[in-house]
Amino acid sequence: MSYTKSILVYWACLAGLNMLFSQSDFEGLGESSFAINTDVNSTYKINFAVRSRYFLYQNADFNFENRQLDFVHFSTLNLDYNHSVSLGVQYRIRESIDGGSNELRLTQQFNFTKKREALRFGHRVRFEQRLLEGFTILRSRYRFALDFPLNGEKLDIGEAYLVSSMEALISHSKRLKPELDHRTTSLIGWLISESLKLQLGLEYRFEAFNLNTEHRLFLLTSAVLKI
């Protein structure tokens, strides 16, 4: 019975991917990142990250094409065990890569997390000011996330964990109509050592679904180093 179910799931996944790739507004991308986290003290921590985004599938064809490079910093203050606030700054390079606009992004964030046995869930609210060439986009984001170890109630070195999230986004600009987006993400991670995590997953985006929906599937790879 389990073998039959596996075959059905396999063919269902193939059928779903075939439907996605057959859509004219579908694009497949990859995003790789490397992040460094450090605790300054018991209440304050900082994060630095570099992310690269590239096309894997566009215009009904598989191809590799660089799109952008991001440099990101976040400073986080823990208000208590469950609540934190963060300020972030990000610089995106596109002009020299694909001719798009470079971007400076400022972020304000509030995060609430709670743990019940092995399961941890979190609510995150972000407000962003995206400064592009000639105009600014104001974006609000809300994300609900779950994560838990795949072996037992505690994550030990060498074990895997799962992270899943759903996020809603709304963007405003004087030059553009309001835009609604939705993102669903699922990642599997491995605690390689006390200081290193590796993650692999997928993110599916419905972008501008209130205007002219664009479908994008991201292959996500990341490494997180704690020092």
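Student: In the hairpin of β5 and β6, which residue takes a positive phi?

Tutor: In this predicted model, that residue is E117, with a phi near 55 degrees. The hairpin has 2 residues between the strands.

Student: What makes β5 and β6 a pair of strands?

Tutor: Two strands pair if DSSP finds at least two bridges between them. There are 13 bridges between β5 and strand β6 (residues 119–132), so the two strands pair. Their sense is antiparallel. Within this pairing, L106 stands opposite Q129 in β6.

Student: Why is F64 called exposed?

Tutor: A residue counts as exposed when its relative accessible area is over 50%. The value for F64 is 54%, so F64 is exposed. This residue is placed in strand β3 (residues 61–78).

Student: Of which nonpolar patch on the surface is F64 a part?

Tutor: F64 belongs to a patch with L56, W190, I192, L198, L200, L202 and L219. Together these residues have about 690 Å² of accessible area. The element that gives the most to the patch is strand β10 (residues 196–207), with 3 residues.

Student: Is T38 buried, partly exposed or exposed, and why?

Tutor: Buried means under 20% and exposed means over 50%, with partly exposed in between. The relative accessible area of T38 is 21%, and therefore T38 is partly exposed. T38 lies in strand β1 (residues 26–39).

Student: How far apart are T38 and K226 in sequence and in space?

Tutor: They are separated by 188 residues in sequence, yet their C-alpha atoms are 5.7 Å apart.

Student: Which polar atom lies 3.0 Å from the side chain of S101?

Tutor: The backbone nitrogen of E133 lies 3.0 Å from a polar atom of that side chain. The limit is 3.5 Å, so this distance falls within it. S101 is found in the loop between α2 (95–98) and β5 (103–116). Leaving aside neighbours within four places in sequence, S101 is in contact with R94, L132 and E133.

Technical notes
Residues are numbered from 1 along each chain as its sequence is written. This is a predicted model: local features need pLDDT of at least 70, side-chain atom pairs count only at pLDDT 80 or more; totals for chains, interfaces and linings use all residues. Side-chain values use heavy atoms; hydrogens and water are left out. Patches are made of residues with over 30% relative accessible area and no salt bridge: like charges are joined within 9 Å, nonpolar side chains (Val, Leu, Ile, Met, Phe, Trp, Tyr) within 5 Å. Accessible areas come from the Shrake-Rupley method with a 1.4 Å probe; for residues, only the protein chains shown count as cover. A salt bridge is a side-chain nitrogen of Lys or Arg within 4 Å of a carboxyl oxygen of Asp or Glu. Helices (H or I, at least four residues) and strands (E, at least two) are DSSP runs, numbered from the N terminus. Buried means under 20% relative accessible area, exposed over 50%, partly exposed in between (1.4 Å probe, protein chains only). A polar contact is a pair of N or O atoms within 3.5 Å; within protein, one must be able to donate a hydrogen and the other to accept it, and residues adjacent in sequence count only if both atoms are side-chain atoms. Contact means heavy atoms within 4.5 Å.
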